[in-house]
Amino acid sequence: MSRREILHRPAHPAAIRVMHWIGVYAMGCMIFSGWEIYNASPSLPFLFPAWTGLGGWLGGALAWHLSAMWLLFADGIAYLAYGFASGHFRRDLQPPRPAEVLHDLEAALRFRLKVHMGHYNAVQRVLYIGVIVAIILQAMTGLAIWKPVQFGWLTGLLFGYPIARGIHLGTMFAIVGFVLVHVLMVAIHPRTLRSMIVAVPSESEESR
Amino acid sequence: MSNQRIKPAVTMAEIRPELTRLRRRGLLRSALSLGALTLLTGCDLSTHSGVDAALEAMLRFDDRVQAALFSRQRLAPTYPASAITRPFRFNAYYAEWQVRLVPDNWALHVGGRVAARRPWTLPALAALPQQGQITRHICIEGWSQIGQWSGVPLGTFLRRVGADLSARYVAFKCFDGYSTSIDMASALQPQTILALDFEAKPLAPQWGAPLRLRIPTKLGFKSAKNLEAIEVTNKYPGGYWEDQGYDWFAGV
């Protein structure tokens with residue numbers, strides 16, 4: 001690939017943009033129906049506000065949860081296949097070295113970290129790799145508590161039904177935490193929102 | 001003057017907008033109360049019938065996936081007696097103070113695609129081979145608890161009454177107004193039992209006296225208490241919760 005082609009590559013290829021927004025919809029359905037399911041038998045001393053729930057009642061929430069899971073699964077598999085096949089993971093999501101993360105985190109907290117669209121800094125890479133791992137863990141714990149007998153080996157690997165259910169809840173909080181940070185960063189750098197909707201040229205790291 | 005007296009106080013043209021507005025408000029009101037009614041009866045999957053149909057289609061798809069994942073040879077994990085949850089949580093579609101006592105002259109009725117339709121008394125059931133289990137009862141709400149049941153394997157019972165084992169469904173009717181149904185493959189899984197005992201004692205009324213289904217490969221609402229009739233059928237029987245929108249297969 002020539003230097004010129006690299007510069008003209010969009011910040012986010014069309015496939016990534018489409019899969020991102022399908023993922024947002026599917027994950028939104030999973031989180032809000034999940035809150036309604038949680039409310040049927042809360043394992044922590046609080047309830048999610050009733051208006052945030054999706055489904056109207058436990059049966060409706062489960063119908064949403066057990067429907068949207070297929071969309072999330074298909075989207076996730078497509079993303080992983082694309083990520084490996086296209087070189088997106090190798091090129092853009094290399095796990096950063098701890099020193100890089102510390103450096104970029106310090107810069108980010110001082111509001112001095114530059115954003116180059118199409119290139120991820122170390123903090124972004126940690127967060128994006130983290131949320132991909134969290135969603136995979138969420139699918140595994142979800143499968144473990146949906147089918148603790150038929151997939152007993154998986155439920156056993158995750159320390160049994162009650163603990164797997166606890167991990168499923170905890171991982172939801174991690175994903176929601178990621179979403180809050182992610183949306184905050186987009187609010188600070190609004191032009192990145194445009195780059196996830198339409199083709200925007202990626203910026204070279206030297207240009208800014 | 002007389003002309004003025006017969007003139008109506010208001011003309012149709014004047015009140016038409018108000019009538020239209022009232023009629024609209026009436027429709028809206030009935031729509032709201034319909035929504036409230038479906039919510040109260042628990043029938044509401046969502047407020048849009050198109051979304052409802054899509055969700056129901058997905059639940060049918062999930063049922064087919066679950067049936068394909070199910071293996072009659074795969075057993076639910078069993079636990080030592082020390083793992084039994086105490087106190088054991090009561091759960092039904094009604095409160096514990098509404099528990100029904102066993103009717104006089106109780107017998108288990110058998111119907112549908114079976115050779116022998118005579119009713120079964122409790123001593124007759126107790127005379128059949130018994131099997132115990134300590135398994136996890138998982139509620140659709142998410143909580144779970146480990147309990148101990150023993151009774152007649154449903155497969156043994158179905159063979160004894162000459163049931164058509166190629167039929168699709170086994171349906172259960174209860175004298176407390178509850179009902180449910182399961183697929184034949186799950187009915188023949190060796191841990192699916194007609195339980196007579198809970199914690200090595202005859203079932204107390206709140207645990208489903210005198211006879212209940214115990215099926216550790218399905219969610220708790222399938223383990224129907226207070227049985228009074230079993231039917232083997234090819235016609236989809238549904239059930240109390242299934243008719244309201246819980247997924248029918250409900251396997252774990």
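Visitor: What counts as a helix or a strand here?
Guide: Helices are DSSP runs of H or I with at least four residues, and strands are E runs of at least two. On that basis chain B comes to six helices and nine strands. The model is predicted.

Visitor: What makes β7 of chain B, 201-202, a strand?
Guide: A strand needs an E run of at least two residues.

Visitor: Why is Ala200(B) called exposed?
Guide: Ala200(B) has 10, so the label is exposed. Ala200(B) sits in the loop between β6 (193-198) and β7 of chain B. Its phi is positive, about 65°, although Ala200(B) is not a glycine.

Visitor: Where is Asn105(B), and what is its phi?
Guide: Asn105(B) lies in the loop between α3 and β1 of chain B. Its phi is positive, about 55°, and Asn105(B) is not a glycine.

Visitor: How do you know whether Asn105(B) is buried or exposed?
Guide: Count the other C-beta atoms within 10 Å: Asn105(B) has 7. The limit for exposed is 12 or fewer. Asn105(B) is therefore exposed.

Visitor: What share of chain B counts as buried?
Guide: Buried takes 20 or more other C-beta atoms within 10 Å. Of the 252 residues of chain B, 34% count as buried.

Visitor: What is the omega of the bond from Ala209(B) to Pro210(B)?
Guide: Omega is near -5°, and the bond is cis.

Visitor: How many residues does each chain give to the contact between A and B?
Guide: Chain A gives 22 residues and chain B gives 29. On the side of chain A, α2 (14-40), α3 (58-85) and α8 (161-188) each supply at least two residues. The largest share, eight residues, comes from α3(A).

Visitor: How do the residues on that side of chain A divide by type?
Guide: Twelve are nonpolar, eight polar and two charged.

How values were computed. Residues numbered from 1 in each chain as written. Chains lettered and ligands numbered in written order. Predicted model: local features only at pLDDT ≥ 70, side-chain atom pairs only at ≥ 80, totals over all residues. Contact = placed C-beta atoms within 7 Å. Nonpolar A, V, L, I, M, F, W, Y, C, P; charged D, E, K, R; others polar.
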